[in-house]
Amino acid sequence: MLGHDARAISEVAPAAQTLNGIWLTRGKDGRLTAYVHTEDGLRRWTQVRPGGREWDGSDLVTVGHLTHLSVVQDANAYVHFVGRRERVVGSTVTADIMYAIQYQTGRPVTAWQSLGNPHKDAAGGHRIGAPTAVVSESGDVHIALRNAGGGLMLRRERADGKWRGWEDLRGSHIRGVPTAVALASRSVELFAATDGGTLHWQQKEAGGGWNEAQPSRLAVQAGTLAALETTPGRATYFWTDPAGGVVAYRAGAWPMALGGAPGDGPHAVIRVALDGYDCTVLAHRGINGTAAVGLCVTESEANGVWWSDTGVPCLATPALAHDAFGRLVMAVIGEDGAPRLALQTDAAGLTLDDWHTI
């Protein structure tokens with residue numbers, strides 16, 4: 001059962017226009033940080049104490065012209081920011097990939113650096129898609145995106161921290177943003193929607209090259225992909241079916257319809273321990289514009305997913321994280337652009353307390 005606060009939320013000053021998301025990360029000190037991508041850069045709120053309800057006011061990490069952003073965290077709790085930057089130079093539109101790191105909770109973000117563009121010509125370069133990022137168990141950052149021709153390009157770090165060149169993983173007719181997942185086997189998998197189905201890339205060995213993309217004819221609504229390691233070394237992929245509802249899929253198995261009524265955008269997904277069970281929690285912006293949550297036993301989706309509409313309006317896919325005490329925290333961007341959070345209570349099952357603005 002999911003509780004929510006139906007009372008009116010106090011009025012707050014409007015924030016800058018939200019672009020493509022909200023993220024939650026937890027630092028080594030146990031404090032959470034919320035990030036929102038806005039038209040004037042990256043806004044950041046930091047928890048005052050681990051597990052507490054007080055947050056520092058937002059500060060702005062200035063970075064201009066980012067059309068999309070991906071925020072990921074590694075095993076050292078470093079936060080990596082990967083964005084697509086688009087600028088107009090004279091009469092030419094140019095695009096490149098930007099990268100920065102935050103090493104500690106509340107500390108400054110490093111200077112942003114350009115990782116370039118897989119295309120040398122501006123005519124093709126500005127048609128690159130939004131990047132997705134993941135950090136392998138060995139600490140290597142992987143950045144994947146759709147190129148101008150509809151194939152998949154990858155750039156990743158070398159062991160010495162320097163960046164390799166762009167790798168062409170081929171494929172064609174990719175739509176939307178691909179998804180990536182780091183596995184306990186120290187390898188990474190990539191998954192993308194296409195005009196006629198999906199493409200799935202697996203590494204030959206950890207840190208090594210890639211097998212040829214495995215195609216399918218599964219129907220996927222572009223821009224809705226998410227991935228989660230659900231058994232050591234095995235990923236489950238989630239997306240929205242064009243006909244409606246959420247789908248779960250594992251390589252070599254049949255896709256499973258999970259129900260729900262998602263709107264546009266990807267799904268947030270996390271594993272939690274509930275009443276002695278390993279469970280998977282999904283969250284998305286529902287078709288009516290409010291945040292919805294689904295719950296099932298991990299890799300037992302066929303036995304049922306329990307959905308609940310929180311009734312809380314949100315402008316983008318919610319964010320999910322564990323706080324310092326292992327409790328689930330859910331964050332949304334409200335209609336005014338301000339982040340709102342709800343915390344898992346001690347009640348049986350999954351129950352969230354009242355939503356509050358930070």
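**Model notes.** This is a predicted model, so I kept local features only at pLDDT of at least 70 and side-chain atom pairs at pLDDT 80 or more, while totals for chains, interfaces and linings use all residues. Residues are numbered from 1 along each chain as its sequence is written, and side-chain values use heavy atoms, without hydrogens and water.

**β11 to β12.** I checked the neighbour of β12 next. Strand β11 (residues 152–156) runs antiparallel to β12, joined by 3 bridges; I call two strands paired if DSSP finds at least two bridges between them. E167 in β12 stands opposite L154.

**β10 and its partners.** Is β10 enclosed or open? I find 5 of the 6 residues of β10 (residues 141–146) buried, so the strand is largely enclosed by the rest of the structure. β10 pairs with β11 in the antiparallel sense over 5 bridges. In that pairing, H142 has R156 of β11 as its bridge partner. β10 also runs antiparallel to β9 (residues 132–135), with 4 bridges. There, V134 stands opposite H142.

**Turns.** I then went through the two hairpins. β9 and β10 have 5 residues between them, and G139 in the turn has a positive phi of about 95°. The β10–β11 hairpin has 5 residues between its strands, with G150 in the turn at a positive phi of about 95°.

**Sheet β17 to β20.** I traced an open sheet of 4 strands in the order β17-β18-β19-β20, paired antiparallel. Its edge strands, β17 (226–231) and β20 (256–259), each pair on one side only. Neighbouring strands are turned by 30° against each other on average, direction ignored. The axes here are lines fitted to C-alpha atoms, and angles run from 0 to 180 degrees between N-to-C directions. Inside the sheet, 4 bridges join β18 (residues 234–240) to β19 (residues 246–249). T240 has V246 in β19 as its bridge partner.

**L66.** Last, I looked up L66, which lies in strand β5 (residues 66–73). Its relative accessible area is 8%, so L66 is buried. L66 and I97 are 31 residues apart in sequence, and I get 9.1 Å between their C-alpha atoms.

Notes. Buried means under 20% relative accessible area, exposed over 50%, partly exposed in between (1.4 Å probe, protein chains only).
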